[in-house]
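Take a look at the structure below before reading on. The text then walks through it step by step.

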Amino acid sequence: EALEEAHPWEAIKGEALYHLGELYRLKNSCQGAISCYLQGAEIFEEEKRLPRYFECLGKLGLLYLKTEMWDEARKAFQKVMDFYKQVQNFPRLGEACYYLGLVLKKSGRQTYGRTFFRRAIELIKKEDPYLLGMAHFHLAQIEKKRKKFYQAEKLILQSIWIFDEMANLVA
């Protein structure tokens with residue numbers, strides 16, 4: 001990707017911060033990664049590099065999810081969803097719906113999480129079998145808590161089938 005903006009050093013600095021955030025994330029240094037992604041996102045927003053800006057927000061959402069910063073995670077994934085809906089990138093929109101559903105489920109808002117897992121299943125289809133299987137799995141857990149055992153069983157069996165299909169592709 002050519003980095004030929006008015007201030008190329010800013011774009012390069014944004015990229016460096018993004019990759020440093022990745023390194024910190026892989027080292028499980030959540031606060032360091034959050035700091036880098038926030039700084040990188042600010043540069044990408046100023047430079048009007050929106051796809052990279054929303055990639056940073058998605059990474060921030062995952063880190064906020066991991067560190068149980070529910071409100072921050074929810075806000076990040078909602079912004080990411082809005083962007084991917086606007087640019088009609090439905091697989092990425094499905095991924096954002098999945099993670100927002102997970103945030104809502106883990107923060108005790110099961111009913112809202114259920115809505116986003118269902119939306120993720122519609123959007124992901126076969127683009128990301130792992131997330132599709134996980135969306136079915138988490139939705140099954142919500143249905144079980146709601147004492148909707150038939151739906152829970154159907155969803156968990158679908159999840160197992162998806163993971164079996166993934167294993168067959170690898171074998």
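This is a predicted model: local features need pLDDT of at least 70, side-chain atom pairs count only at pLDDT 80 or more; totals for chains, interfaces and linings use all residues.

Start with the rings. The count of aromatic pairs is eight. Take Phe54 and Phe83 among them. Their ring centres lie 4.2 Å apart, and their planes meet at 10°. Planes under 30 degrees apart count as stacked, so this pair is stacked. Phe54 belongs to helix 3 (residues 50-66), while Phe83 belongs to helix 4 (residues 70-86). The pair therefore ties together parts that are 29 residues apart in sequence. Are these two residues buried or exposed? Phe54 has a relative accessible area of 12%, so it is buried. Phe83 has 10%, so it is buried too. The cut-off for buried is under 20%.

A second pair has another geometry. Tyr98 and Phe117 sit 5.7 Å apart, centre to centre, with 55° between the planes. That makes the pair tilted. Tyr98 lies in helix 5 (residues 90-106) and Phe117 in helix 6 (residues 110-124). This contact therefore links parts that are 19 residues apart in sequence. Both Tyr98 and Phe117 are buried.

Phe54 and Phe83 form one aromatic cluster with Tyr53 and Tyr84. Elsewhere, a charge meets a ring. Arg52 lies over the face of Tyr18, 3.9 Å from the ring centre.

Helix 5 has 17 residues. From first C-alpha to last it reaches 24 Å, close to the 24 Å expected at 1.5 Å a residue. How many of its residues are buried? The answer is 12 of 17, so the helix is mostly covered because buried means under 20% relative accessible area. Among the buried residues are Leu93, Gly94, Ala96, Cys97, Tyr98 and Tyr99. Leu100, Gly101, Leu102, Val103, Leu104 and Lys105 are also buried. What covers them? The cover includes helix 3, helix 4, helix 6 and helix 7 (129-145).

The ends of helix 5 have their own details. At its start, a side-chain oxygen of Asn89 reaches to within 3.2 Å of the backbone nitrogen of Arg92. Just after the helix, Gly108 takes a positive phi of about 90°.

Positive phi also turns up in residues other than glycine. Most residues other than glycine have a negative phi. Asn28 has a positive phi, near 65°. Asn28 lies in the loop between helix 1 (8-26) and helix 2 (30-46). Lys48 is another case, with a positive phi of about 60°. Where is Lys48 found? Lys48 is in the loop between helix 2 and helix 3. Its relative accessible area is 67%, so Lys48 is exposed.

How many disulfides does the model hold? The count is zero. A disulfide needs two cysteine sulfur atoms within 2.5 Å. For the sulfur of Cys56, the closest cysteine sulfur is in Cys36, 9.8 Å away, so the two are too far apart for a bond. Cys56 counts as buried, because its relative accessibility is 0%. Cys97, in the buried set of helix 5, has a relative accessible area of 2%.

Terms used:
Residues are numbered from 1 along each chain as its sequence is written. Side-chain values use heavy atoms; hydrogens and water are left out. Rings of Phe, Tyr and Trp (its six-membered ring) pair if their centres lie within 6.5 Å; planes under 30 degrees apart count as stacked, over 60 as edge-to-face and the rest as tilted. Helices (H or I, at least four residues) and strands (E, at least two) are DSSP runs, numbered from the N terminus. Buried means under 20% relative accessible area, exposed over 50%, partly exposed in between (1.4 Å probe, protein chains only). A charge sits over a ring if NZ of Lys or CZ of Arg is within 6 Å of the ring centre and within 35 degrees of the ring normal. The expected span of a helix is 1.5 Å times one less than its number of residues. Contact means heavy atoms within 4.5 Å. A polar contact is a pair of N or O atoms within 3.5 Å; within protein, one must be able to donate a hydrogen and the other to accept it, and residues adjacent in sequence count only if both atoms are side-chain atoms.
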